[in-house]
Amino acid sequence: MRIQEALAWGDSLGVDPADLPGALTGELRRLGDLRGELVAAQRRLGDVPDAEVSRSLWRAASALGAAEARVHDAAVAVRRSA
């Protein structure tokens with residue numbers, strides 16, 4: 001990861017760039033927890049009469065997965081450059 005990116009990530013998370021690997025790992029853990037809650041909501045609400053609820057939860061899970069992948073990529077990049 002380039003220093004400018006590390007500085008930007010660190011600034012946005014409120015941590016020193018040296019602490020970025022741990023901060024990103026924590027964010028990944030929280031995103032994983034959120035994904036688990038979203039999957040539970042999908043199970044609970046998957047059969048409600050309003051099909052848009054199910055579609056909306058699916059889109060939310062998809063978007064969360066994309067965000068999680070980007071944070072994972074940043075975590076890998078910061079570890080490689082350390």
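Is R2 buried or exposed? R2 is exposed, because its relative accessible area is 55%, where exposed means over 50%, buried means under 20% and partly exposed lies in between, with a 1.4 Å probe and protein chains only.

This is a predicted model, in which local features need pLDDT of at least 70 and side-chain atom pairs count only at pLDDT 80 or more, while totals for chains, interfaces and linings use all residues. Residues are numbered from 1 along each chain as its sequence is written, and side-chain values use heavy atoms, with hydrogens and water left out.

**Salt bridges**

A search of the whole structure finds five salt bridges, a salt bridge being a side-chain nitrogen of Lys or Arg within 4 Å of a carboxyl oxygen of Asp or Glu.

| Pair | N to O distance |
|---|---|
| R2 and E5 | 3.4 Å |
| R35 and E68 | 2.8 Å |
| E52 and R59 | 2.5 Å |

In the pair of E52 and R59, the side chains meet at 2.5 Å, and salt bridges that share partners join E52, R55 and R59 into one network. E52 counts as partly exposed at 31% relative accessibility, and R59 also counts as partly exposed, at 43%.

R35 is partly exposed, with a relative accessible area of 38%, whereas E68 counts as buried at 15% relative accessibility. Leaving aside neighbours within four places in sequence, E68 is in contact with L28, L31, G32 and R35, contact meaning heavy atoms within 4.5 Å.

**Helix α3**

Helix α3 covers residues 51-81. It has 31 residues and reaches 46 Å from its first C-alpha to its last, close to the 45 Å expected at 1.5 Å a residue; the expected span of a helix is 1.5 Å times one less than its number of residues. At the start of α3, a side-chain oxygen of D50 comes within 3.0 Å of the backbone nitrogen of E52.

Which residues of α3 are buried? They are L57, L64, E68, V71, A74, A75 and V78, and these buried residues pack against α1 (3-13) and α2 (20-45). An α-helix has 3.6 residues a turn, so residues three or four places apart point the same way. S62, also found in α3, is partly exposed, because its relative accessible area is 38%. S62 and V76 are 14 residues apart in sequence, and their C-alpha atoms are 21 Å apart in space.

**Helix α2**

The 26 residues of α2 should span 38 Å at 1.5 Å a residue, and its end C-alpha atoms are 37 Å apart, which agrees. The buried residues in α2 are L20, P21, A23, L24, G26, L28, L31, L38 and A41, and what covers them includes α1 and α3.

Technical notes: Helix = DSSP H or I, 4+ residues; strand = E, 2+ residues; numbered from the N terminus. Polar contact = N/O pair within 3.5 Å; in protein donor to acceptor, adjacent residues only side chain to side chain.
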